[in-house]
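Visitor: Could you walk me through this one? I'd like to ask about the domain record and then the interface.

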2 protein chains.
Amino acid sequence: MLENKEQSRTSLSELGEFGLIEHLTGQIKIKNKSTVKGVGDDCAVLQSKDQVVVTTDLLVEGVHFDLSYVPLKHLGYKAVMVNISDVYAMNAMAKQITVSIAVSNRFPLEAIEELYAGIYLACEKYGVDLVGGDTTSSTKGLLISITAIGEAKKEDLVYRSGANVNDLIVVSGDLGAAYLGLQVLEREKQVFQVNPNAQPELENYTYLVERQLKPEARKDIVELLKSLEVKPTAMIDISDGLSSEILHICKQSKTGCVIYEDKIPLDPQVISTCEEFNLDSTTIALSGGEDYELLFTISQKDFDKIKGNPNLTVIGYIADESQDCALTTRANEKIKLIARGWNALSEE
Amino acid sequence: MLENKEQSRTSLSELGEFGLIEHLTGQIKIKNKSTVKGVGDDCAVLQSKDQVVVTTDLLVEGVHFDLSYVPLKHLGYKAVMVNISDVYAMNAMAKQITVSIAVSNRFPLEAIEELYAGIYLACEKYGVDLVGGDTTSSTKGLLISITAIGEAKKEDLVYRSGANVNDLIVVSGDLGAAYLGLQVLEREKQVFQVNPNAQPELENYTYLVERQLKPEARKDIVELLKSLEVKPTAMIDISDGLSSEILHICKQSKTGCVIYEDKIPLDPQVISTCEEFNLDSTTIALSGGEDYELLFTISQKDFDKIKGNPNLTVIGYIADESQDCALTTRANEKIKLIARGWNALSEE
């Protein structure tokens, strides 16, 4: 599928490690005043009078992504999103990233340039400086390790542990689409393996595929909440599915919760594709993962400020710790929530 | 060789990702006041009134280490050293690390515990907090990505670019031993492959093997220089060999340099083992790498302060940019220095 793009092949070993780093990072222009020194010394140097947040994620070929249908530019973009999403989940602003990659020599320079084009596009769009990294060979496949650094005033930071009984549970955007996008892409891959001349049929799934391949971290929601003068009491980003994330908030806040099945925001393509795939859309939203939406709790007194905003949906409330974390179904039954999130270490 | 240690085998999938993280990080006690919040939220939270330095390194099984002779505990320790060495090279103090690992399911929990035992030992000894990370599966082998964060007052930071003409070039400790240690271990591995009953003969190489398997980052040198009231004009750590590193300093400082072959500090085991292996000890010191000593330049006026210190050796001086970077041999010949450092991307 990618053959045409690989006509020009420059071997990485022609450049050597330092040559490659210079090639990939030579054009960087620093955007943030907290970046004192970027790439080019033993360390990057940062300075902030605010608190600094740090998060890191590792993406492994064959575990987190499949290059038979993930374009490298999208992969680079998504790798940044996955990381800065965690920064926004602290109600902080992402400022710097470091990017380390391990690549087998099956990748030509042009492939790595594509990957970095996606990384730089994400940096440009989100106002983030690439300040360091490491580049090495791997014995198999591609691996990307990103560390993201952000800033927030101490009083603005939001932890997972701050939810209070009766707080409202709010989610941004809609859920389940990224997981379904993956199912669609996997199905097309299998069709392609049986018949390499088959054209992929994706027109009915454009939203799902885009959510899977090119997610956007919700910086806009952090800005929106600030403009609405709403400080969440607890927040987390939805990388492993709604169930897993609300359980993290409840565990760390020492509370229970109630989520209403009929309140969970779903895109129409999620509903129609779940029907087609014979999947339960609620299960997909609860356990699908990779949506990178923000899940947060707010005091009831802030309800009027967010009411009616199309980006935000109230899906339930925080209950006392003595109660379970429960889903109230459309049939008005209560079901205990279980984290069935995508488990990176399972052997399935 | 490690069979006995693997009698107890707990599959990683029994714990799941969150269980594993909790198991590995549940006992952490925060040591630094700049660590506001460690493991357990979307991000770690730090606060420093000083400047913050950030560095990251990726270690890949089969490229950077060979588990047939590297014990996992040593590997964990070394992975931390490799990173915090870059922090000390800025004349800063290491304060936090994040640790991400990708492991194939051939590794039982007990192996990962060994790895983390080494990581924690390094953290304990160097006063560093483990504040975050990521744990995932790999399709092949073990991979460790560490990001280290340190602090220094703005006026104390030392960059590669500050060397001035006539500054003295100083190196800590001695050079070449780590590379020779690797050669010794590789030879023993080959002996073992031919005859699995052979006992490794390492008694004549204890220093070399220790330098390879358990390097120490030179925090002590940063402290020593502070106590001597010497601020280097430029500094770098020696990970790729003396040649490569002095060329980095000269390139970024826009200078040349002269290094005296007979001044390069070598351990007696390096000299005797070079004779045995029929290697040139100067070449090994110039290109061997992995010594993690500090290479720095100082103003001539500071010479009296460091003179005679057994940890520090003056090996040359910074020359004008119009001159090359050169080695003056014992025969008083000048040879142009070339970076032949270990190249992680070469296909050799």
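**Domain record and chain interface**

Guide: In an unreviewed UniProt entry, residues 166–280 of chain A are listed as "domain: PurM-like C-terminal". Please keep in mind that this is a predicted model.

Visitor: How much helix and strand is there over residues 166–280 of chain A?

Guide: That stretch of chain A is 50% helix and 12% strand, and its end C-alpha atoms lie 29 Å apart.

Visitor: Switching to the interface, how many residues of chain A and chain B are in contact, and what area do they bury?

Guide: On chain A 70 residues are in contact with 70 residues of chain B, and the two chains bury about 5,600 Å² between them, with 54% of that on carbon and sulfur atoms.

Visitor: And what about salt bridges between chain A and chain B, how many?

Guide: The count between the two chains is six salt bridges; one of them joins the side chains of B:Asp41 and A:Arg160, at 3.6 Å from N to O. Across the interface there are also 22 residue pairs in polar contact, both residues being at pLDDT 80 or more.

Visitor: Which element gives the largest share of the side of chain A that touches chain B?

Guide: That is strand 3 (residues 51–60) of chain A, which supplies nine residues, while the whole of that side divides into 26 nonpolar, 27 polar and 17 charged residues.

Visitor: What does strand 3 of chain A join in chain B?

Guide: Three bridges join strand 3 of chain A to strand 2 (residues 44–46) of chain B, and the two strands run antiparallel; within this pairing, A:Val53 has B:Val45 as its bridge partner.

Key:
Residues are numbered from 1 along each chain as its sequence is written. Chains are lettered from A and ligands numbered from 1 in the order in which they are written. Side-chain values use heavy atoms; hydrogens and water are left out. Contact means heavy atoms within 4.5 Å. Buried area is the accessible area (1.4 Å probe) that two parts lose on being put together, summed over both. A salt bridge is a side-chain nitrogen of Lys or Arg within 4 Å of a carboxyl oxygen of Asp or Glu. A polar contact is a pair of N or O atoms within 3.5 Å; within protein, one must be able to donate a hydrogen and the other to accept it, and residues adjacent in sequence count only if both atoms are side-chain atoms. Helices (H or I, at least four residues) and strands (E, at least two) are DSSP runs, numbered from the N terminus. Ala, Val, Leu, Ile, Met, Phe, Trp, Tyr, Cys and Pro count as nonpolar, Asp, Glu, Lys and Arg as charged, and the others, Gly among them, as polar. Two strands pair if DSSP finds at least two bridges between them. UniProt positions are given in the numbering used here, feature names are shortened, and annotations may be inferred rather than shown by experiment.
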